[in-house]
Amino acid sequence: MQLQVYGIPTCGTCKKAVSWLDARQVNYEFINTKENPPEEKRIAEWIQALGSQPMRNTSGKSYRSLGEEKKVWSDEQWLEAFSQDAMLIRRPLFVRDGQAVLVGFRGSDAAIAAALGLSH
């Protein structure tokens with residue numbers, strides 16, 4: 001299994017996720033989206049797998065600076081926005097074997113492990 005974690009190193013939720021993975025000795029690659037923003041094609045795959053709504057970082061400054069029209073944007077409009085500003089993407093975002101499987105880091109250990117394809 002290949003696991004990638006997309007986020008930024010200063011994000012508290014990303015730190016918590018990385019600590020959780022380390023505690024379970026899970027191998028992963030951390031990709032800093034601030035330094036290495038994901039390509040539009042990859043973001044489109046994530047939207048197809050997860051939907052654009054769960055991917056929105058609604059607590060960030062970038063999101064708040066968008067106009068009210070963001071509430072009715074299509075997936076295509078979100079794809080363009082995510083591609084232009086990776087800080088709009090909720091963190092962390094987990095990709096297992098090339099497929100986006102989880103965005104954010106909430107839920108029980110069992111639910112997170114199941115989403116990531118980890119056996120207890």
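This is a predicted model: local features need pLDDT of at least 70, side-chain atom pairs count only at pLDDT 80 or more; totals for chains, interfaces and linings use all residues.
In E1, five of the five residues are buried, so the strand is largely enclosed by the rest of the structure.

Next, the partners of E1. E1 and E3 run antiparallel and are joined by four bridges. On that side, Gln 4 stands opposite Val 95 in E3. With strand E2, residues 29-32, E1 pairs in the parallel sense, again over four bridges. There, Gln 4 stands opposite Glu 29. Between E1 and E2 the chain passes through H1, and this β-α-β crossover is right-handed.

Now helix H6, residues 109-116. Which of its residues are buried? They are Ile 112, Ala 113 and Leu 116. These residues cover an arc of only 100 degrees around the axis, which puts them on the same side of H6. Their cover includes strand E1, helix H1, strand E3 and strand E4. Just after H6, Gly 117 has a positive phi of about 75 degrees.

On to the aromatics. How many aromatic pairs does a search of the whole structure find? The search finds six. In one of them, Trp 20 and Phe 105 have ring centres 5.7 Å apart and planes at 75 degrees; planes over 60 degrees apart count as edge-to-face, so that is what this pair is. Trp 20 sits in helix H1 and Phe 105 in the loop between E4 and H6, 85 residues apart, so the pair links distant parts of the chain. Both residues are buried: Trp 20 has a relative accessible area of 8%, and Phe 105 is at 9%.

Phe 105 also pairs with Phe 94, at 6.2 Å centre to centre and 35 degrees between the planes, which is a tilted arrangement. Phe 94 is in strand E3, so this pair ties together parts that are 11 residues apart in sequence. Phe 94 is buried, with a relative accessible area of 0%.

Last, helix H5, residues 75-84. Its buried residues are Trp 78, Leu 79, Ala 81 and Phe 82, and what covers them includes helices H2, H3 and H4. Trp 78 and Phe 82 also belong to one aromatic cluster with Tyr 63 and Trp 73. Over the face of Tyr 63 lies Lys 70, at 4.4 Å from the ring centre.

Technical notes
Residues are numbered from 1 along each chain as its sequence is written. Side-chain values use heavy atoms; hydrogens and water are left out. Buried means under 20% relative accessible area, exposed over 50%, partly exposed in between (1.4 Å probe, protein chains only). Helices (H or I, at least four residues) and strands (E, at least two) are DSSP runs, numbered from the N terminus. Contact means heavy atoms within 4.5 Å. The arc is that of the directions from the helix axis to the C-beta atoms. Two strands pair if DSSP finds at least two bridges between them. A crossover is right-handed if, with the strands pointing away from the viewer, the path from the first strand over the helix to the second runs clockwise. Rings of Phe, Tyr and Trp (its six-membered ring) pair if their centres lie within 6.5 Å; planes under 30 degrees apart count as stacked, over 60 as edge-to-face and the rest as tilted. A charge sits over a ring if NZ of Lys or CZ of Arg is within 6 Å of the ring centre and within 35 degrees of the ring normal.
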